[in-house]
Amino acid sequence: MAFSPKPVNEDDLKALKERMKLISDVDPQQYHNDFSLKRYLRAFKTVDDAFMEILKTNKWRVEYGLAELTETSPLVQKYMKKNIAKVLKHRDISGRPVIYFSAKNHNVNDGNIDELTKFIVYCLEEGCKMCCEEVIDNLCVVLNLKNFGLSYTDFQVLKNLVWLGMRYPERLGICLMINAPALFSGFWTVVKGWLDETTSSKVQFIKSEEELCKYLIPDILPTDV
């Protein structure tokens, strides 16, 4: 479980930094630090692809209105009260920030998918801010599937999450599925088909508290959601 990201080619990193410097010298908001550039290189393999995805992400961040997604914004406040997701104060065993999702508090027929996706983006942003990139720069996502049923089966939200992975490359460290009922296995078969092998390998189905203790202290998880 130790954090050991794959190394990147130093020549590729140098080339990507030079390209980004030309952009960020004109527009400082385009700046990405070395840790971010390495994540893009690991995710997209080549300098050209990494550079294009960074530009796409920078454009998306502006158009999506990330600057307006704050703790006090009405949308964030609305979904905090729903207890669908939250960024925990404590970290996992490896030091990753933890984002906790409660499936039972989301009903596919109750709410706005775009709004919920924005709230999830807010949680991702807050989790990433908690990363000490010199030590750890990825997240632990915990999905509590207790009482999961057909009314919680929201494929569009999950498709949005898969797409968001492009905007947050290499940010997922581990995804822990807890309390998964038998019904979820068929659902997971569909979702897994949308993921690349690297991402799907980070998903762990936890079947006992003892197994969960390998990743985090169970007491840090909410009991009221």
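Arg-167 lies over the face of Trp-163, 5.3 Å from the ring centre; a charge counts as sitting over a ring if NZ of Lys or CZ of Arg is within 6 Å of the ring centre and within 35 degrees of the ring normal. This is a predicted model, where local features need pLDDT of at least 70 and side-chain atom pairs count only at pLDDT 80 or more, while totals for chains, interfaces and linings use all residues. Residues are numbered from 1 along each chain as its sequence is written, and side-chain values use heavy atoms, with hydrogens and water left out.

Tyr-64 has a charge over its face too: Lys-118, at 5.0 Å from the ring centre. Ring pairs join Trp-163 and Tyr-64 with Trp-60 and Tyr-168 in a cluster. Rings of Phe, Tyr and Trp (its six-membered ring) pair if their centres lie within 6.5 Å; planes under 30 degrees apart count as stacked, over 60 as edge-to-face and the rest as tilted.

There are 9 aromatic pairs in the structure. Take Trp-188 and Phe-205: the ring centres are 5.6 Å apart and the planes at 70 degrees, so this pair is edge-to-face. Trp-188 belongs to helix 7 (residues 184-192) and Phe-205 to strand 5 (residues 203-206), so the pair ties together parts that are 17 residues apart in sequence. Helices (H or I, at least four residues) and strands (E, at least two) are DSSP runs, numbered from the N terminus. With 13% relative accessibility, Trp-188 counts as buried, whereas Phe-205, at 24%, counts as partly exposed (buried means under 20% relative accessible area, exposed over 50%, partly exposed in between, with a 1.4 Å probe and protein chains only).
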